[in-house]
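These are my notebook entries on a structure that I had not examined before. I set down what I looked up and what I found.

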Amino acid sequence: MKSSASDPRSLLDALRAGSPLPDLPASAVDAARALASAPGTATPSSVEALPEPLAAALLEGSVLDGQPALAEALATSAVKPLAKLAKKALYRLRSRGVAVAEPSRLPPPEAARPAAAPEELPALASTLTGRGERAVVLGRAVRGGGIEVVQALLSDEQGVVQLQLDEKSRGTWRRILKEGLEQGGTVELPLQKAVALLAEAAGLNLRTHTPFPEGLDVALRHFGAQPQAEPTTLPPPEPEDVRRVMEGDLLHATPEMATWLPPDAVVKRLLAKMDEVVVSPLALSETQRSEQLRTAVRAVTQDFFTPDMSRRYALRLWRMADYFEHSARPKEAEVARGEARRLFHGAQQPYSRFAEHLFEKVLGLVAAAGARAEAQAQRASGAAEPTPAEAAPSQERRSPGGLILP
């Protein structure tokens, strides 16, 4: 049996799924992964620069997608092994009934063309909001020395919802990059990764019947991309993900995800259940009421995280893992990926601590609001300041009514 490092199909699947490939150079794997996730963005020069197994995997993807352009361009490559692989790919495409150019009509090898490779500029991507939105900024050098800049707002529910396409000077472009990084909440990405995000979002526009904002089709064409045909999928859970999922609540401690909360309608449902527990006529101890609050949180959480919602949040976490990685936080990236794989594939035991803490934060906010209101009422009534012993922080968290919170 061929290993995943030598079998083009297995290697292609690993690239598209984001699986680790420790036997190949990390930088080459990252470049190939970006090309594999955005069909149509691979250029002959970018593929020729890759190790042969990765180049073969990208050719395999072009055959599976029925797209002959890459194989046609590489069939006359100066890299002989790659040219041989490209000719085999063309034969397979013909066998499937795909029209391909005759050898005499194929373009000359890139080595024979004097044109220099286009300048590849860095891109920016923001963190994701709790609603699954993020911004990306891409740049492309154009004639005259300017930069064609694409600024887009992406939604994981609708696709590309806003886009601005215009030409700016290089000085303005450098200022956009500098200010974006200085303001925080933004990381620098390789251009191909940002193009892949734009293509993925454009594919969602088509699937959700969300109209393209003006300029999106032009931006895709200029960056050599097409809308991603199929929804993104994640690889299956790994054995270590069981350990990682128990640490999922630490993601909510990051500045980027501390503000993530459930949708307002679901928060209102949780608050209604909390009220039922607080005003219950039953003579319950604080421990019993606390357990009932935990049960209410758990029930609302599991009702909210349907299979579709779990996959949506899994993809958000997968993107946040990439964000954490680019901002030098490997621990958070590891936990986010583990939670993402389990949520995407419906793993239930142990249950996601990320999901539970998304709702537990609501209880914490209610408790904090109650404490502030109580303090303001005491100040308004002229109550004496608490003694040091009374002011000492308690290890317990309590609701506005004094109930111990989980």
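Which residues line the largest cavity? I found Val245, Glu339, Arg342, Leu343, Ala347, Pro350, Tyr351 and Ser352.

Entry on the source. I note that the model is predicted, that local features need pLDDT of at least 70 and side-chain atom pairs pLDDT 80 or more, and that totals for chains, interfaces and linings use all residues. Residues are numbered from 1 along each chain as its sequence is written, and side-chain values use heavy atoms, with hydrogens and water left out.

Entry on the cavity. I took a cavity to be a set of points, on a 1 Å grid over the protein atoms alone, where a 1.4 Å probe fits but cannot get out, while lining residues have an atom within 4 Å of a point. Grid points are joined across faces, edges and corners, and a volume is the space filled by probe spheres set on the points. I recorded one cavity of 30 Å³ or more, and the largest cavity holds about 30 Å³ of space. Helix H14 (residues 330-344) contributes the largest share of its lining, three residues. Helices here are DSSP runs (H or I, at least four residues), numbered from the N terminus. By class, I listed five nonpolar, one polar and two charged residues in the lining of the largest cavity. In this scheme Ala, Val, Leu, Ile, Met, Phe, Trp, Tyr, Cys and Pro count as nonpolar, Asp, Glu, Lys and Arg as charged, and the others, Gly among them, as polar.

Entry on Pro350. I returned to this residue of the cavity lining and found that the peptide bond from Gln349 to Pro350 is cis, with omega near -5 degrees. Pro350 sits in the loop between H14 and helix H15 (353-380).

Entry on H13 and H14. Two packed helices are described by the angle between their axes and the distance between the axes. I noted that the axes of helix H13 (residues 307-326) and H14 come within 8 Å and cross at roughly 160 degrees. Axes are lines fitted to C-alpha atoms, for helices over the stretch in contact, and angles run from 0 to 180 degrees between N-to-C directions. H13 and H14 are therefore roughly antiparallel to each other (angles under 35 degrees count as roughly parallel, over 145 as roughly antiparallel, 65 to 115 as roughly perpendicular and the rest as oblique). By class, the contact of H13 with H14 has twelve nonpolar, one polar and seven charged residues; contact means heavy atoms within 4.5 Å.

Entry on the largest pocket. I took a pocket to be an open set of points with protein on both sides within 12 Å along at least five of seven lines. The largest pocket has a volume of about 1,400 Å³. Of its 45 lining residues, Leu15, Arg16, Ala17, Gly18 and Arg33 are the closest to its centre. Which helix gives the most to this lining? I found H2, with seven residues. Helix H1 (8-17), H2, H8, H13 and H14 each supply at least two residues. The lining of the largest pocket divides into 22 nonpolar, eight polar and 15 charged residues.

Entry on H1 and H2. The axes of H1 and H2 come within 8 Å and cross at roughly 85 degrees, and the two helices are therefore roughly perpendicular to each other. I saw Leu12, Ala14, Leu15 and Arg16 of H1 in contact with Val29, Ala32, Arg33 and Ala36 of H2.

Entry on H2 and H8. Helix H2 (residues 26-37) packs with helix H8 (residues 191-208) at an angle of about 25 degrees, with their axes 9 Å apart. H2 and H8 are therefore roughly parallel to each other. Ala34, Leu35 and Ser37 in H2 meet Gln192, Lys193 and Ala196 in H8.

Entry on His209. I located His209 in the loop between H8 and helix H9 (216-222). Phi of His209 is near 60 degrees, a positive value in a residue other than glycine.
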